[in-house]
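Subject: Structure handover and notes

Dear colleague,

I am passing on the structure that we spoke about, and my notes on it follow below. Please look through the sequence and the model before you read on.

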Amino acid sequence: MGQYPPQRFPQHQQKKSPGAIIGIALGAVTVLVLGIVAIVALNRPSPNVNATGYQNPPAPAPTSPFELPPNNGSSTTASSAPSEPTEPSSAGPQKILKLADHPILQDPNAGLQNRVCDLPGWQSTQSGAEAFFTAASKCLDAAWGPFLEAYDLPFTPPALHFPTGPSFETACGTIQVGIATAAYYCEDNLYVPFAGLQTDQYGNNPGVYLALFAHEYGHHVQEVAGIMDAAWQKIYAAGQTSPEGLEMSRRKELQAQCFSGMFLGAHVDQGGTITRDMYNKAWNDQETRGDNTSHSHDHGTNAHYAYWWRQGAKANRIADCNTFAAPSSLVS
């Protein structure tokens, strides 16, 4: 995150339906009127991503290949009845509307398979960004798709869009492009307007761009799994600006942070183009983002924003990303 004035960047709009999805904002949040969305903001005080005091992050712990869930994902805990799917009449895999007890969060050995991800070199141009994020999206599909399908969840990749005008239309409304709009996610569609990336400030730092894109994709993982709908049910019931509603929002956002870290941790040093330098800069950059910077209360403090990203990056274990089971002291 960067230094944002209060209430500068709108993020969440009222959810239109159980299937509506939010994006993420790595900055402040203002409630909008239509749909749900979050905007990833890249603004921050200094372009030096290494100026956080975390110059030597540890290497990711060696991880075993991705492990299938017991019984190919069909098991449920004895204390938890199966949740009603979003579309009960539809055949095939269905979302599971659970939070802390969601099946994907139960196996302590489950993580993303270590894979090679080849990305083009970063170029701070519209076409260069399109090529980079298109390739990154393919790597994210290849990482998360098999994982979710193993739990019999209805995985489909998000559609990727690269708006070039001053605004663009989504199912969640008309979005204005500015320095605050780095990426936008709404209802299975992921938008990346180049004008919002602030490449004049971030320059050639693909690890930073990749981590924020993987966070955004993390919300798609939550949506496909059913976690997103379950979280918003709790938020609506409590009230979006109530202490309980804001804490649930923080748990949701911090889990997306952890999912982003998992992706980079599973792909660094695997022979592809996700390098140690990219990983280190992404690691360091997380300390600059969060509610301390944005002066909001729905994403988590800067320290917790960094903590949960690093939780995922260090060991690549999805059970470590169960923010919904964490004590309130870790999601403040």
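For what comes first, an axis is a line fitted to C-alpha atoms, taken for a helix over the stretch in contact, and the angle between two axes runs from 0 to 180 degrees between the N-to-C directions. Please keep in mind throughout that this is a predicted model.

**Helices H1 and H3**

Helix H1, which spans residues 126-150, and helix H3, which spans residues 206-225, have axes that come within 10 Å and cross at roughly 40°. Angles under 35 degrees count as roughly parallel and 65 to 115 as roughly perpendicular, and H1 and H3 are therefore oblique to each other. The crossing in which H1 passes H3 is right-handed. On the side of H1 the contact is made by Phe-132, Phe-133, Ala-136, Ser-137, Leu-140, Asp-141, Trp-144 and Leu-148, while H3 brings Pro-206, Tyr-209, Leu-210, Phe-213, Ala-214, Tyr-217, Val-221, Val-224 and Ala-225. Sorted by class, the contact of H1 with H3 has 15 nonpolar residues, one polar and one charged.

**The nonpolar cores**

The largest nonpolar core has 73 residues, and those with the most contacts inside it are Leu-119, Phe-133, Trp-144 and Phe-263. At least two residues of this core are supplied by each of H1, strand E5 (183-186), H3, helix H4 (227-238), helix H5 (243-267), helix H6 (276-285) and helix H8 (302-315). It is H1 that gives the most to this core, with 12 residues.

Phe-263 deserves a separate look: leaving aside its neighbours within four places in sequence, Phe-263 is in contact with Leu-112, Cys-139, Leu-140, Ala-143, Leu-210, Ala-214 and Ile-274.

**Helices H4 and H5**

The axes of H4 and H5 come within 8 Å and cross at roughly 160°, which makes H4 roughly antiparallel to H5. Here the crossing, in which H4 passes H5, is left-handed. The contact is made by Ile-227, Met-228, Ala-231, Trp-232, Lys-234, Ile-235 and Ala-238 of H4, and on the side of H5 by Glu-244, Gly-245, Met-248, Ser-249, Lys-252 and Gln-255. By class, the contact of H4 with H5 has seven nonpolar, three polar and three charged residues.

**Two residues with positive phi**

Glu-187 is found in the loop between E5 and strand E6 (189-191), and its phi is near 50°, a positive value in a residue other than glycine. Glu-187 is partly exposed, with a relative accessible area of 22%. His-295, which lies in the loop between helix H7 (291-294) and H8, has a phi near 65°, again a positive value in a residue other than glycine. With a relative accessible area of 45%, His-295 is partly exposed.

With best wishes

Technical notes:
Residues numbered from 1 in each chain as written. Predicted model: local features only at pLDDT ≥ 70, side-chain atom pairs only at ≥ 80, totals over all residues. Heavy atoms only, no water. Helix = DSSP H or I, 4+ residues; strand = E, 2+ residues; numbered from the N terminus. Parallel < 35°, antiparallel > 145°, perpendicular 65-115°, else oblique. Left-handed = near helix turned anticlockwise from the far one by under 90°. Contact = heavy atoms within 4.5 Å. Nonpolar A, V, L, I, M, F, W, Y, C, P; charged D, E, K, R; others polar. Core = buried A, V, L, I, M, F, W, Y, C linked by side-chain atoms within 4.5 Å. Buried < 20%, exposed > 50% of the residue type's maximum accessible area, 1.4 Å probe, protein only.
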